[in-house]
Amino acid sequence: MQDVVEKVYEQVVARNRGEVEFHQAVHEVLESLGPVIAKHPHYAEGALLERIVEPERQIMFRVPWVDDAGQVHVNRGFRIEFNSALGPYKGGLRFHPSVNAGIIKFLGFEQIFKNALTAQGIGGGKGGSDFDPHGRSDAEVMRFCQSFMTELARHIGPSTDVPAGDIGVGGREIGYMFGQYKRLRNSYDAGVLTGKGLAWGGSLVRTEATGYGTVLFAQSMLATKGESLEGKKVLVSGAGNVAIYAIEKAQQLGATPITFSDSSGYVVDEAGVDLELLKQVKEVERGRVADYVERRPGARLVAGGSVWDVPGDVALPCATQNELDGDAANTLLRGGCGVVSEGANMPSTPEAVEAFQKAGILFGPGKAANAGGVATSALEMEQNAGRTRWDFATAEAKLTGIMADIHDSCVAAAEEYGRPGDYVLGANAAGFTRVADVMIAHGIV
Ligand code: NDP
């Protein structure tokens, strides 16, 4: 890391004590910026780097709610409005017991560069709560969402900050939060949240977008080597929104996904995942992966262990941060894996990324490979603003075009800065320069 960049990183660590995921995300971006700053030293002037690592605004609030037994709970809510150079803050809300300021900050920081890569005029933000929706009734989830939105509503708006879903936040939660926002504001601002239901301002393809985009990114990477996903064995982690639609698109492109997982273990289905059954178990019944195995002869559940122990050609980590470490990366490489496309945010640890890059395999970092979700959220905002709705084919064609452009921007930036094929450098450099140029144009704000 260059001296000027190293100093900024040390300041981030000192100022944000204990926020290890945030440190990790900042380190990964700053590490890539050496060649960019060497070529364009003005990016290190005017405290631009110091400004970009400091959120514009951090909101933390109490979320009290009452469970079905009448007991009062207090959770903590967050919204980090990180950077609005390119447009309103945009990024999801995560409901998971592991949520804290450092995790939301890492996600918000990543979101700045991801959103810049989509070229759609959206700034970076993220939010959420340490609330755990698992095992809660619909009524409990609704009361929590209403309490959460009662505070969040004063900070967001269609031209200010537009949240969406993430881990633990899907169509149900977005619906409850939208209902409460509308009630508080007495205003039908469809563009204040994305991931809405189709009957009230949602966009076709938003549900599928992140998983589809991750697979399209893998396909584009393979095309640079004259290959495709056809006939490839695919390993997927997670069994949520991103994982399910990554499996769907991989199947459509002729590959065979054979795994998925949740926090109770992973499933290997050598015959190929039965997608309809998986959707029934996870989307309709809100069940566990074991429920799939009970109904699917030939599939096996491995409780504990790592899904990355299974040999395959392509790995799509679609669960959570740091789920794939250096040992897992080396096991994947020994098993013949030649492509990793990250559906989750920062799922590979720095050691894993290093192992993939050393081995020279195709590695697509999350901020590029999973940008299809936020890109389609921006398409949802566009439809809301125009009071219109596109059909599935139109929305999917736009997503496909955006993913191809993101891929090509990464390739071009990696070449420009002397590391052809390095998608980590490419994504960071391309995303950073787009935001930095606009921050310079806006002056010291
Ligand atoms: P979901 O809540 O729909 O699914 C998450 C899945 O990952 C579940 O199967 C969950 O299992 C598993 N998981 C979560 N945390 C852990 C953990 N600590 N250990 C093991 N398994 C875990 O979330 P999404 O599919 O929406 O999000 C998955 C990833 O994709 C996240 O990193 C998210 O930030 C990223 N992402 C999502 C986008 C979107 O549009 N939804 C956009 C871009 C990125 P369990 O139910 O047992 O917890």
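Student: How are α1 and α2 oriented to each other, roughly parallel or roughly antiparallel?
Tutor: In this predicted model, helix α1 (residues 3-15) and helix α2 (residues 20-32) pack at an angle of about 170°; α1 and α2 are therefore roughly antiparallel to each other. Angles under 35 degrees count as roughly parallel, over 145 as roughly antiparallel, 65 to 115 as roughly perpendicular and the rest as oblique. Axes are lines fitted to C-alpha atoms, for helices over the stretch in contact, and angles run from 0 to 180 degrees between N-to-C directions.

Student: How far apart are the axes of α1 and α2?
Tutor: The axes of α1 and α2 are 10 Å apart. Helices (H or I, at least four residues) and strands (E, at least two) are DSSP runs, numbered from the N terminus.

Student: Which residues make the contact of α1 and α2?
Tutor: From α1 come V5, V8, Y9, V12 and V13, and from α2 come F22, H23, V26, H27 and L30. Contact means heavy atoms within 4.5 Å.

Student: And what is that contact like by class?
Tutor: The contact of α1 with α2 has 8 nonpolar, 2 polar and no charged residues. Here Ala, Val, Leu, Ile, Met, Phe, Trp, Tyr, Cys and Pro count as nonpolar, Asp, Glu, Lys and Arg as charged, and the others, Gly among them, as polar.

Student: What about α9 and α10, at what angle do they cross?
Tutor: Helix α9 (residues 241-252) and helix α10 (residues 275-284) cross at roughly 170°, and their axes come within 11 Å. α9 and α10 are therefore roughly antiparallel to each other. I244, Y245, I247, E248 and Q251 in α9 meet L275, L278, K279, K282 and E283 in α10. By class, this contact has 5 nonpolar, 1 polar and 4 charged residues.

Student: Changing topic: what is the strand order in the open sheet with mixed pairing?
Tutor: The order of its 5 strands is β1-β2-β4-β3-β5. At the edges are β1 (57-66) and β5 (161-164), each pairing on one side only. Two strands pair if DSSP finds at least two bridges between them.

Student: In which sense do β3 and β5 pair?
Tutor: Strand β3 (residues 89-95) and β5 pair in the parallel sense over 4 bridges. G92 stands opposite A164 in β5. Helix α5 (residues 101-118) packs on this sheet, touching β1, β2 (72-83), β3 and β4 (123-129).

Student: What is the order in the sheet with parallel pairing?
Tutor: That open sheet of 5 strands runs β7-β6-β11-β12-β13. Its edge strands are β7 (256-257) and β13 (362-364). Strands β6 (residues 233-237) and β11 (residues 314-317) pair over 4 bridges, and the bridge partner of S237 in β11 is P317.

Student: How many residues surround the ligand?
Tutor: There are 25 of them, and the closest are D166, T210, S263, R288 and N345. A residue is near a molecule if one of its heavy atoms lies within 4 Å of it.

Student: Where does the backbone of N241 lie relative to the ligand?
Tutor: A backbone N or O atom of N241 lies 2.9 Å from an oxygen atom of the ligand. For G168, a polar backbone atom is 3.0 Å from a ligand oxygen atom.

Student: Last one: where is R286?
Tutor: R286 lies in the loop between α10 and α11 (289-294). Its phi is near 50°, a positive value in a residue other than glycine.

Student: What should I keep in mind about the numbers?
Tutor: Residues are numbered from 1 along each chain as its sequence is written, and side-chain values use heavy atoms, with hydrogens and water left out. Local features need pLDDT of at least 70, side-chain atom pairs count only at pLDDT 80 or more, and totals for chains, interfaces and linings use all residues.

Notes: Polar contact = N/O pair within 3.5 Å; in protein donor to acceptor, adjacent residues only side chain to side chain.
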